[in-house]
Amino acid sequence: MERGKRMVWIKYRLKDIAVSIQTGPFGSQLHQSDYSEVGTPVVMPKDMIDGTIEESNIARVSEAHVNRLSRHKVMSGDILYSRRGDVGRCAIITEREAGWLCGTGCLKVQLDRSKVVPTFVFYILKRKDSVGWIENHAVGATMPNLNTEILKKLPITLPPLLEQRRIASILSAYDNLIENNTRRIRLLEQMAENIYKEWFVRFRFPGHENAEFENGLPKGWTKVSSSTVIDIMSGGTPKTDRDEFYNGKIPFFTPKDANDSIFVYNTLTYITEEGLAHCNSQYYPVDTLMVTARGTVGKLSLLAVPMAMNQSCFALKFKDNQNPYYLYYAMKNEVARLKKMANGGVFDTIIIKTFDHISLVIPTDDMFRAFNRTITPIFGQIQHLERQNHLLARQRDLLLPRLMSGKLEVRG
């Protein structure tokens with residue numbers, strides 16, 4: 001393509017380039033009792049992370065249910081959307097997920113490959129203007145809802161197929177690097193969690209062979225209520241009708257920013273110094289542990305940069321020592337109990353008093369230090385790879401509008 005010369009891009013609606021846009025199975029078609037430990041995965045909105053499908057906690061069903069719900073099978077190149085809540089969330093199906101089921105709570109878009117390259121369309125759909133259009137057109141007062149009629153009307157502007165393929169190839173190279181780094185991150189995270197469980201759940205820590213035990217714990221260790229050893233801090237939200245409180249430089253953490261990564265670097269919302277001064281949140285330092293407390297309870301994130309926080313989360317820190325990685329895994333080990341104790345009308349909720357009922361095993365100071373020496377290099381590698389991914393994603397996202405505008409030459 002000649003530099004500076006933009007090929008003709010044509011405006012469509014999503015329905016114009018789709019073979020079908022359909023809703024996943026309703027609850028009456030797929031009950032909780034239908035799920036099993038083994039079988040074909042069923043993709044739910046919670047499994048769609050950063051545009052890909054996360055398999056670690058995915059639900060599964062038997063072959064009989066797959067045959068019964070065969071119209072909901074997904075194929076490579078399909079795009080799934082969340083129907084409720086975070087309606088801008090979407091993911092593209094790869095060869096790995098082909099044959100899985102589109103689950104309850106999702107919408108499935110099957111694209112016409114004679115007109116479009118699915119990977120390229122997916123990059124367009126992830127852009128802020130596409131996500132913003134969907135969020136603005138979603139219906140529902142309490143919780144945004146997306147349906148097939150709304151999705152069909154989504155505007156999308158596309159170049160000819162050849163240019164779609166070329167641009168998708170360039171952008172996919174970045175995603176492949178990100179995916180490789182992400183696999184390495186998951187291995188490191190699993191290694192760190194295994195060390196925690198080996199030492200502090202199974203009590204096979206260094207020197208355990210010669211350790212004395214009292215009341216089921218190594219001598220010198222204690223089991224206490226978490227609220228006696230950690231500070232549990234609340235957040236707050238600046239008034240949303242005050243423009244001077246928003247679009248500043250302070251990351252403002254909410255449950256929407258909690259994902260499957262250990263560390264959080266960026267937030268959807270940023271506030272100003274004035275906004276921070278006019279809400280009940282502190283400016284929490286690096287390594288503060290955030291736990292979501294309303295709606296989706298028990299998602300954990302360690303701050304990679306200082307952040308403020310809204311009232312739907314709690315910020316946790318040990319009172320007397322700096323062991324953020326231990327606290328992360330100790331609380332992760334208790335997430336199931338947190339969820340069980342959550343209550344509320346519309347949304348599940350935990351309160352500060354909930355932590356009175358969460359117990360933590362506290363080892364000796366020497367064991368704390370030994371754990372930190374062992375685990376800190378692993379977390380250092382995780383952060384290094386995550387920073388690489390953020391840089392790659394930023395470069396990819398900066399490339400897309402430049403490729404679209406014709407400012408960058410696309411060679412065959």
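Helix 3 (residues 128-137) has Ser130, Val131, Gly132, Trp133 and Ile134 as its buried residues, where buried means under 20% relative accessible area, exposed over 50% and partly exposed in between (1.4 Å probe, protein chains only). The model is predicted: local features need pLDDT of at least 70, side-chain atom pairs count only at pLDDT 80 or more, and totals for chains, interfaces and linings use all residues. Residues are numbered from 1 along each chain as its sequence is written, and side-chain values use heavy atoms, with hydrogens and water left out.

**Helix 3**

- The cover over the buried residues of helix 3 includes strand 1 (10-13), strand 8 (79-82), helix 2 (118-125), helix 4 (148-152) and strand 12 (155-158).
- Helices (H or I, at least four residues) and strands (E, at least two) are DSSP runs, numbered from the N terminus.

- Four strands, in the order 3-7-4-10, form an open sheet with mixed pairing; two strands pair if DSSP finds at least two bridges between them.
- Strand 3 (35-36) and strand 10 (101-102) are the edges of this sheet; each has a single partner strand, so one side of each is left without a neighbour in the sheet.
- Strand 4 (residues 40-43) pairs with strand 7 (residues 59-61) in the antiparallel sense over three bridges, and Pro41 stands opposite Arg60 in strand 7.
- A further open sheet, also of mixed pairing, consists of three strands in the order 19-17-22.
- Its edges are strand 19 (269-271) and strand 22 (308-309), and because each has a single partner strand, one side of each is left without a neighbour in the sheet.
- Strand 17 (residues 246-253) and strand 19 run antiparallel and are joined by four bridges; Ile250 has Ile271 in strand 19 as its bridge partner.

**Cavity**

- One cavity of 30 Å³ or more is found in a search of the whole structure. On a 1 Å grid over the protein atoms alone, a cavity is a set of points where a 1.4 Å probe fits but cannot get out, and lining residues have an atom within 4 Å of a point.
- The largest cavity has a volume of about 50 Å³; grid points are joined across faces, edges and corners, and a volume is the space filled by probe spheres set on the points.
- Its lining consists of Asp287, Leu316, Lys317, Phe318, Asn321, Gln322, Asn323, Pro324 and Leu327.
- Strand 23 (313-318) and helix 7 (324-332) are the elements that give two or more residues to this lining, and strand 23 provides the largest share, three residues.

**Asp287**

- Asp287 lies in the loop between helix 6 (273-277) and strand 20 (289-292) and is partly exposed, at 22% relative accessibility.
- Leaving aside neighbours within four places in sequence, Asp287 is in contact (heavy atoms within 4.5 Å) with Phe263, Leu302, Leu303, Lys317, Pro324 and Tyr325.
- The C-alpha atoms of Asp287 and Phe263 are separated by 8.6 Å, although these residues are 24 residues apart along the chain.

**Cysteines**

- The structure holds zero disulfides, a disulfide being a pair of cysteine sulfur atoms within 2.5 Å.
- Cys90 is in no disulfide, and the nearest cysteine sulfur, that of Cys106, is 11 Å away; Cys90 is buried, with a relative accessible area of 6%.
- Cys313 is likewise in no disulfide, with the nearest cysteine sulfur, that of Cys279, 12 Å away; Cys313 counts as buried at 1% relative accessibility.

Key. On a 1 Å grid over the protein atoms alone, a cavity is a set of points where a 1.4 Å probe fits but cannot get out, and a pocket is an open set with protein on both sides within 12 Å along at least five of seven lines; lining residues have an atom within 4 Å of a point.
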